[in-house]
Amino acid sequence: MTNRHRGEVAAILDGRQWVLCLTLGALAELETAFEAEDLTALIARFSSGRLSARDMMRIITAGLRGGGHSVTEEDVAQMQADGGAAGFARIVSELLTATFGASQADTPKAESDSPSNP
């Protein structure tokens with residue numbers, strides 16, 4: 001069972017359910033992997049919307065390790081997700097959103113939130 005308040009997400013990889021979480025240690029691992037100077041630089045890279053397959057593999061690997069699983073990038077490279085590459089992208093998106101939250105610009109407003117014209 002996942003706890004979104006802790007930044008956890010569930011994903012099905014190779015037909016098995018896994019819990020992923022970008023803990024502080026996992027984020028430090030990603031800073032090193034992406035040669036990011038700090039967390040702000042890492043967030044800026046992720047916010048660019050341009051992630052390679054290797055980037056997604058690194059993020060999923062770090063998330064699995066943060067979730068308590070002993071996996072390597074090579075293990076993750078061999079895994080399959082429902083929906084193929086789009087399935088992996090969905091997992092990465094959910095994990096980053098659970099970790100960093102969505103900005104107001106990314107959050108759709110409900111009609112009731114819009115000011116009405118008099």
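**Exercise 1.** Find which residues Leu 20 touches, leaving out those up to four places away in sequence.

*Solution.* Start from the cut-off: contact means heavy atoms within 4.5 Å. Leu 20 then touches Gly 7, Glu 8, Val 9, Ala 11, Ile 60, Gly 63, Leu 64, Ile 91 and Leu 95. A word on the source: this is a predicted model, where local features need pLDDT of at least 70 and side-chain atom pairs count only at pLDDT 80 or more, while totals for chains, interfaces and linings use all residues. Residues are numbered from 1 along each chain as its sequence is written, and side-chain values use heavy atoms, with hydrogens and water left out.

**Exercise 2.** Decide whether Val 9 is buried or exposed, and list what Val 9 touches.

*Solution.* Next, apply the cut-offs: buried is under 20% relative accessible area, exposed over 50% and partly exposed in between, with a 1.4 Å probe and protein chains only. Val 9 has 2% relative accessibility, so it counts as buried. Finally, beyond four places in sequence, Val 9 touches Thr 2, Arg 4, Trp 18, Val 19, Leu 20, Glu 94, Leu 95 and Ala 98.

**Exercise 3.** Describe how α1 and α3 pack.

*Solution.* Two packed helices are described by the angle between their axes and the distance between the axes. Axes are lines fitted to C-alpha atoms, for helices over the stretch in contact, with angles from 0 to 180 degrees between N-to-C directions. For α1 and α3 the angle is about 155° and the axes are 9 Å apart. Now classify: under 35 degrees is roughly parallel, over 145 roughly antiparallel, 65 to 115 roughly perpendicular and the rest oblique. Therefore α1 and α3 are roughly antiparallel. As for residues, Ala 26, Glu 29, Leu 30 and Ala 33 of α1 meet Arg 58, Ile 59, Ala 62, Arg 65 and Gly 66 of α3.

How values were computed
Helices (H or I, at least four residues) and strands (E, at least two) are DSSP runs, numbered from the N terminus.
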